[in-house]
Amino acid sequence: MTVSGSATPHDEPGRARPADADGLQGGGTTRGDRADRVRLADKSLPLYVLREHATDYAALFARARAEVGHGQCLCRTPTLRLVIRCSRAGRYHLAGWPGEGELHDPSCSFHKLASELTGREAYSTEAISEDDEGVAIRFSAALARKLSDPEPAKISTEQREGRARRTVGLLGLLHWLWESAQLTAWHPRWRRRSWWTCHARLSEQIAGCSINHEELADALYVVPPFRKEYARRNTAAFETFRIARLKRRTDTQRRGLILGEIRDVSPTRYGVRYTLAHHRGALFATTALDTRLRRSYRPAFSEAATEHGARRIGLFLVELSPKDNVRVVDAAAMLVNRLYIPADSSHEVVMANALADAGRAYIKPVRYDGSDLVFPDFVLTDTHPHSYVEVYGIHGRESYDQRKRVKQAHYQNQGSSLIEWDVTEPIPDLRRR
């Protein structure tokens with residue numbers, strides 16, 4: 001699969017994970033924690049074992065699927081159901097049961113926010129369909145086009161009044177990947193997070209998913225984390241993706257998706273060059289496209305975004321140019337903090353870092369394609385009920401002040417605990433009391 005071009009836990013079943021992964025090992029598990037233990041048939045196992053050694057437990061996955069019909073998460077009593085899925089390559093993995101994510105313990109890998117706190121709710125089941133077999137996504141852009149035909153018009157993902165969105169745009173797909181892989185969440189027991197962890201979780205999430213009736217694993221290349229000993233293999237994996245996925249076939253121009261961390265944007269003779277972290281190649285775009293991206297994703301491209309350990313994640317729709325360069329057709333960009341938690345501004349980066357430093361467990365709600373949706377800036381999941389964080393970084397704009405008053409009134413009416421930070425003041429005490 002194009003997402004597995006590095007030595008992730010899936011590649012080397014007998015090797016220990018690097019120490020820079022979430023928690024001790026396994027992308028967010030501490031080995032003794034009940035919050036990340038699952039049951040398959042009659043066996044109880046740590047989740048990280050099943051993630052890292054899935055092929056060794058294929059028979060147990062198959063038996064649980066045949067005898068019980070699902071796995072069980074042990075983070076709560078009674079246990080919660082888990083979907084058992086099998087990829088095209090025959091690799092099993094577990095997923096949260098649809099609609100039950102918020103029932104899991106906040107520190108559990110299958111925990112999700114309530115449906116009203118995620119932009120996914122703005123889509124119809126035609127846009128994102130989920131069942132025992134996997135997830136099917138109806139993407140707004142074509143993944144292939146006839147060279148003899150005019151450039152297809154971009155399908156709008158804007159929501160009409162009273163109607164759910166029927167397609168998922170680039171930002172929506174990026175947010176779906178991040179949220180589904182639990183990369184919008186942080187818990188203090190995870191200690192730190194690297195691109196290695198992100199790649200491993202995204203790779204697992206992509207398995208069993210389709211996009212416009214194609215396997216997402218074929219259409220999407222997630223840049224693998226760089227390790228010197230695997231550099232040659234990673235280069236070969238990308239070349240396979242470039243040729244197998246993007247090479248023109250007769251009069252058909254095929255397209256693919258590339259996901260990675262944007263390290264640098266530099267001018268070229270004909271436009272701009274995007275350089276991605278961990279990746280030797282480059283992506284090329286026109287100046288007009290780069291200007292549009294900077295306008296659409298202003299926080300990610302602002303100078304302040306480089307401060308406080310912030311990073312930029314890009315999801316690129318690409319094709320090959322006549323000279324076999326990887327050309328960007330469209331893209332979405334997302335600002336994240338040092339732990340890869342999404343942020344809507346540089347001020348939110350500061351808050352996301354401060355919450356982690358204060359030992360808080362929290363989730364960042366993401367909007368998907370719904371730019372007009374209003375959510376809390378952060379949800380603190382280590383309190384019951386959950387409490388909220390708001391960051392006020394704009395002053396003197398009436399529309400912003402009006403929305404601020406509406407949100408404050410909502411929290412007061414609900415009796416919700418709220419931490420507020422006006423960025424002109426010192427950051428408040430964030431420690432849990």
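This is a predicted model: local features need pLDDT of at least 70, side-chain atom pairs count only at pLDDT 80 or more; totals for chains, interfaces and linings use all residues.
**Fold and surface**

I started with contacts (heavy atoms within 4.5 Å): residues 24 or more positions apart account for 63% of those in the chain with a separation of 6 or more. Residues are numbered from 1 along each chain as its sequence is written, and side-chain values use heavy atoms, with hydrogens and water left out.

I looked up the secondary structure next and got 10 helices and 23 strands. These are DSSP runs numbered from the N terminus: H or I of at least four residues for helices, E of at least two for strands. Of the 433 residues in the chain, 55% are buried, that is, under 20% relative accessible area; exposed is over 50% and partly exposed lies in between (1.4 Å probe, protein chains only). The chain's accessible surface is about 19600 Å² (Shrake-Rupley, 1.4 Å probe), and carbon and sulfur atoms hold 49% of that.

**Cores**

I then went for the nonpolar cores, meaning sets of buried Ala, Val, Leu, Ile, Met, Phe, Trp, Tyr and Cys joined through side-chain atoms within 4.5 Å. The largest has 70 residues, and Leu173, Trp176, Trp178, Ile258 and Leu259 have the most contacts inside it. Strand E18 (residues 326-336) gives the most to this core, 8 residues. Another core lies apart from it, with 24 residues, including Leu355 and Leu430.

I also listed what Trp176 touches, skipping residues up to four places away in sequence: Arg120, Ile128, Val135, Ile137, Gln205, Cys209, Leu216 and Tyr368.

**Helix H2**

Which residues of H2 (residues 58-67) are buried? I get Leu60, Phe61 and Ala64. The buried residues pack against strands E1 (37-40), E2 (43-46), E4 (80-86) and E5 (92-96), plus helix H1 (47-52). After H2 comes Gly69, with a positive phi near 95°.

**Cysteines**

How many disulfides does a search of the whole structure find? It finds 0, taking a disulfide as a pair of cysteine sulfur atoms within 2.5 Å. For Cys108, the closest cysteine sulfur is in Cys73, 3.5 Å away, so that is too far for a bond. I checked burial too: Cys108 is buried at 0% relative accessibility, and Cys198 is buried with a relative accessible area of 0%.
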